[in-house]
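Work through the exercises below with the sequence and the coordinates open beside you, and try each task before reading its solution.

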Amino acid sequence: MIPEHAGAGQPSVPPTWLVTGGAGFIGSALVRQLITETSNHVVNVDALTYAGHLESLGDSRDHPRHTFVHLDITDAAALRAVLAAYRPSTIVHLAAETHVDRSIDDPGAFVRTNVVGTFTLLEAVRDYWRTLPSAAANAFRLLHVSTDEVFGSADPNVVFDEGTPYNPSSPYAASKAASDHLARAWHRTYGVPVIVTSCSNNYGPYQFPEKLIPLVIRKAISHLPIPVYGDGLHERDWLHVDDHARALRAVAAAGVPGRTYAVGARGERSNLAVVRQICRELDALRPCRGARHESRITLVDDRPGHDRRYAIDPTRIEQEIGWRPQYDFEVGLRETVHWYLEHEAWVQTVIGDGYRGERLGVTGP
């Protein structure tokens, strides 16, 4: 039930942030920060698909400044009702299908959520923004959160920045590229104060265990083969999810509408190096009898269209906004491994009777 009156626009009420996908990995990290570190009211909009879980919100779930609304962002009428009811001053758009392997198997779901859903949100926001008083309209921001995967594979000694041409390889990356272009067009054509961010690979607590780091942890502690695609030398820039959430807050506060900010931690590692480090952490924390965890690393057929390397140059967000990551990767990964070992019940809850760690996205030429 949506109340008739709530949120910004009432002088005595703290600002309202609306987070789409707020029960997902990055969204829940942002919601937890906003609840614990600000006085803002947070409206959390999520469809609760397989990767969205209210359990990921921790104590923030039942906080009086947190409001959850269960809806799909392709539902235009529901979105408009939420905007009218809560009158947000900032919207962070994180609702998306994100797993590359799943996009290979079912690209239509990615087009629906990432492209059609973003279009639906942009249209609802355009109409809502026009209703705001002048001062509120000038202060309003819509952050559209994207990925470095839209740029394709970086050549050696090349890093992505805000001017890098788009060259997506996977259906996931193509759907995010399309949504980025829509977001920028709604700023240029209609004046909607949109800011785009492009982040590198996130890691940390509450990540659905289809992604590399939690999947490896789960395979290892279950004494199963640990699969690594291809030769394992594909490189990624690893960004702790809490650092990413802080970056989004900083961009919302100081970013310039119409601009893009690349968010990365200068933490490039090969997938194989990351997997080996996880194994070393587990050797100390959860040793297996007779062998080191690394002995079960198994190279498997590569993913179709697998980009070789991503690397981000975050100079703009560092210099213009003053954001810098707080996590060293080795420390962040160690804490992440600890977290998953201490929260095995959360893992079992979110996978339910569905995903069992099987490989997805094997369809190819």
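The model is predicted.

**Exercise 1.** Locate Cys279 in the secondary structure and decide whether Cys279 is buried or exposed.

*Solution.* Begin with the element: Cys279 lies in helix α9, which spans residues 271–285. Next take the relative accessibility, which is 0% for Cys279 and falls under the 20% limit, so this residue counts as buried. Then list its surroundings: once residues up to four places away in sequence are set aside, Cys279 touches Ile226, His293, Glu294 and Ile297. Finally, consider Ile221, which is 58 residues from Cys279 along the chain, while the C-alpha atoms of the two are 9.7 Å apart.

**Exercise 2.** Determine which side chain of opposite charge is nearest to Asp148, and how far away it is.

*Solution.* Asp148 sits in the loop that runs between β5 (141–147) and α6 (171–190). Asp148 is buried, and the nearest oppositely charged side chain, that of Arg236, is 6.6 Å away, with no salt bridge formed by Asp148. A polar contact does exist, however, between the side chains of Asp148 and Thr147, at 3.4 Å. Beyond its neighbours within four places in sequence, Asp148 is in contact with Phe160, Cys199, Ser200, Asn201, Tyr310 and Ile312.

**Exercise 3.** Describe how helices α11 and α12 pack, and name the residues that make the contact.

*Solution.* Helix α11 (residues 329–342) packs against helix α12 (residues 344–351) with an angle of about 70 degrees and an axis separation of 5 Å. Because angles of 65 to 115 degrees count as roughly perpendicular, α11 is assigned that orientation relative to α12. The contact involves Trp339, Tyr340, Leu341 and Glu342 from α11, together with Glu344, Trp346 and Val347 from α12.

Conventions: Residues are numbered from 1 along each chain as its sequence is written. This is a predicted model: local features need pLDDT of at least 70, side-chain atom pairs count only at pLDDT 80 or more; totals for chains, interfaces and linings use all residues. Side-chain values use heavy atoms; hydrogens and water are left out. Helices (H or I, at least four residues) and strands (E, at least two) are DSSP runs, numbered from the N terminus. Buried means under 20% relative accessible area, exposed over 50%, partly exposed in between (1.4 Å probe, protein chains only). Contact means heavy atoms within 4.5 Å. Lys and Arg count as positive and Asp and Glu as negative; His and the chain ends are not counted. A salt bridge is a side-chain nitrogen of Lys or Arg within 4 Å of a carboxyl oxygen of Asp or Glu. A polar contact is a pair of N or O atoms within 3.5 Å; within protein, one must be able to donate a hydrogen and the other to accept it, and residues adjacent in sequence count only if both atoms are side-chain atoms. Axes are lines fitted to C-alpha atoms, for helices over the stretch in contact, and angles run from 0 to 180 degrees between N-to-C directions. Angles under 35 degrees count as roughly parallel, over 145 as roughly antiparallel, 65 to 115 as roughly perpendicular and the rest as oblique.
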